[in-house]
Amino acid sequence: MRAYVIRRLLALIPTLFFASVIVFSTVRLIPGDIIDMMIAQNDIAADKTSREQLEQALGLDQPMYIQYFRWMGGILLRGDFGSSLWQEQSVIGEIMERLPTTFQLGTMALLVALVVAIPVGVWSAIRQDTWGDYLGRSFSILMLAVPSFWLGTIVMVFPAIWWGISPEVKFVPFWQDPVGNMLQLSLPALILGTSLSAISMRMTRTMMLEVLRQDYVRTAWAKGMGERTVVVRHALRNALIPVVTLIGLQAPILIGGTVIMEQIFVIPGMGLMLLEAVSRRDYPIITGVFLIVGVAVVLINLLVDLSYGLLDPKVRYR
Amino acid sequence: MSVTAAPAETSAAPSPRGPMANFFIRLVRDKPLGAIGAVIFLLFLVCGVFADVLAPYGINQISPVNRLKPPSARFWLGTDHLGRDMLSRILYGAQLSVIIGFAAATLATVISVVIGIVTGYLGGKVDLIIQRVVDAWMSFPELIILIVVVSVLGPGMIQVIFVLGLTFGIGGSRIIRGAVVSVREQMYVHSAQSMGASTPRILLQHILPNVLPPIIVLFTTRVGAVILVESGLSFLGFGVPPPAPTWGGMLSGTGRTYMYMAPWLALAPGLCLTLVVYGINVLGDAMRDLLDPRMRGSR
């Protein structure tokens with residue numbers, strides 16, 4: 001097991017390296033000079049108007065590969081992502097302030113997705129081709145098509161028109177009022193989670209159908225075990241493994257979704273931070289958030305891989 | 001060479017019809033939901049292509065007297081805060097979605113096919129390295145890549161098409177690669193190799209036609225995915241800039257504040273998006289089952 005974990009960690013290195021190159025080069029895609037553009041658009045903070053200061057702040061006074069190594073070196077050795085062009089705050093400090101909120105929203109949405117997807121998927125499979133199955137499948141295929149930002153808009157607009165209810169816009173931090181905070185995040189989590197549940201639900205159903213046809217499940221039935229035991233203990237455990245993989249694959253969708261929810265419900269997470277940084281062209285922040293998101297997705301997928309052993313003892317870590 | 005390679009179960013007698021006609025007959029007979037999806041998809045195409053003819057008013061024809069009018073015989077879907085006809089804007093929005101959806105999905109499919117066929121067939125170190133880059137690329141959410149690129153290049157239709165095509169193209173290359181790997185070891189590929197056929201010839205003549213079904217399915221589903229992500233991007237204000245009538249953009253920006261007075265503004269764009277993406281998804285599912293038995297899930 002330990003050898004497997006170490007090998008998986010080593011395998012991350014090329015992926016993370018290419019991810020950092022993607023982040024680094026995307027922000028330098030710009031035709032011409034970022035600084036010329038920033039000065040031309042008057043897009044910069046008053047105290048940093050001089051060219052040299054800007055070049056230094058962005059580290060553009062060096063050749064490309066040195067820029068990359070300086071940037072990477074700063075991150076790896078000192079955890080230094082640079083500092084915001086506008087506020088005198090380090091990028092990593094700002095990210096660490098915002099990350100927990102996004103993480104909380106994402107986790108809540110994921111929980112909603114699983115709580116919806118697994119029971120409905122299982123029910124659809126054990127009652128294949130009944131009305132319940134059709135209903136569950138229609139719901140999931142419909143949810144795949146509904147844009148979460150539209151759902152969010154509808155939830156904001158119609159209760160306000162009909163009953164004069166609108167969600168609290170002022171964000172309540174968790175440590176001030178945990179209950180209020182959870183209540184506030186529950187609506188966006190519910191919307192995001194229901195959108196996400198569609199794929200997992202389909203996967204759970206397909207996998208359950210496959211597993212339910214296996215010999216050992218028939219044996220379990222033949223031994224006279226109850227439906228609950230057969231379905232939950234024998235079938236579901238094996239059907240869940242691909243569903244867990246799917247959670248890893250959905251991580252990017254989940255993070256993309258939190259950006260939209262944070263925008264609609266004005267939640268000060270990392271997504272909103274990115275949007276604010278983009279509107280101010282605060283490149284150190286944009287690069288920082290971009291990289292952290294990529295690393296987070298890679299790590300989530302690692303955890304998913306490692307969790308196989310817990311769900312399925314058959315998986316030998318070869 | 002037949003593209004749709006009818007499975008053995010249905011090939012009773014050689015049919016005088018072409019493969020396309022055959023496909024549609026099977027679609028209607030075996031997959032009624034998919035046929036509904038096809039109808040929605042065609043309707044969407046017609047609306048997009050003929051928006052200029054169908055729209056009763058101009059895209060940005062402002063009419064201050066008719067601000068925020070509810071749906072009526074004159075304005076079927078009502079008007080927005082500038083008195084612009086929502087039906088016309090929805091139709092022109094369909095046009096934008098058709099253009100972006102097809103252009104980006106085509107670009108994505110081409111990229112997927114090139115990467116997928118080359119890495120899947122060649123294997124070895126090239127495959128290993130390119131797959132790590134694909135891994136790295138896929139760990140970024142499409143929406144975030146788009147936001148970052150637009151922050152650098154500025155908003156606009158070309159940027160959106162390019163980045164959507166690149167993002168979905170790199171991600172989708174996995175599906176094509178998987179199909180190529182399973183075709184690569186077939187007898188006819190080995191015999192072509194032993195006859196001394198060149199690699200490009202094998203790729204184009206033997207591999208490509210046999211991975212066509214997943215390519216067609218991939219393209220179809222990508223149109224829907226592109227439209228959905230583009231609308232999210234426009235909603236956040238990073239898509240094709242206003243006053244272009246994107247469906248996502250109509251739900252955001254200044255229009256949002258008027259939705260409380262004119263709720264019809266919130267309904268039409270979202271319903272259209274949902275309907276079109278739904279249609280494409282069920283069509284894609286049906287096509288997968290009919291064209292590509294290997295990708296078939298359990299019913």
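Modeller: In this predicted model, helices are DSSP runs of H or I with at least four residues, numbered from the N terminus.

Colleague: In which helix of chain B does Val229(B) lie?

Modeller: Numbering the runs from the N terminus, one finds a helix of chain B that spans residues 212-235. Val229(B) lies in that element, which is helix 10.

Colleague: Is Val229(B) buried or exposed?

Modeller: Val229(B) touches Glu142(B), Leu143(B), Leu146(B), Leu164(B) and Phe168(B), leaving aside residues up to four places away in sequence. For one of these, Leu146(B), the C-alpha atom is separated from that of Val229(B) by 9.3 Å, although the two residues are 83 residues apart along the chain. The relative accessible area of Val229(B) is 15%, and because the cut-off is under 20%, Val229(B) counts as buried.

Colleague: Which residue of chain A forms a salt bridge with Asp285(B)?

Modeller: Between chain A and chain B the count is one salt bridge. Its closest N and O atoms are 3.1 Å apart, and the partner of Asp285(B) is Arg202(A).

Colleague: How much area is buried between chain A and chain B?

Modeller: The contact draws 53 residues from chain A and 45 residues from chain B. In chain A, the residues that lose the most area to chain B are Phe149(A), Trp150(A) and Phe290(A), which together account for 15% of what that side buries. Carbon and sulfur atoms give 78% of the area buried between the two chains, and the total is about 4,200 Å².

Methods. Residues numbered from 1 in each chain as written. Chains lettered and ligands numbered in written order. Predicted model: local features only at pLDDT ≥ 70, side-chain atom pairs only at ≥ 80, totals over all residues. Heavy atoms only, no water. Contact = heavy atoms within 4.5 Å. Buried area = accessible area lost by both parts, 1.4 Å probe. Salt bridge = Lys/Arg side-chain N within 4 Å of Asp/Glu carboxyl O. Helix = DSSP H or I, 4+ residues; strand = E, 2+ residues; numbered from the N terminus. Buried < 20%, exposed > 50% of the residue type's maximum accessible area, 1.4 Å probe, protein only.
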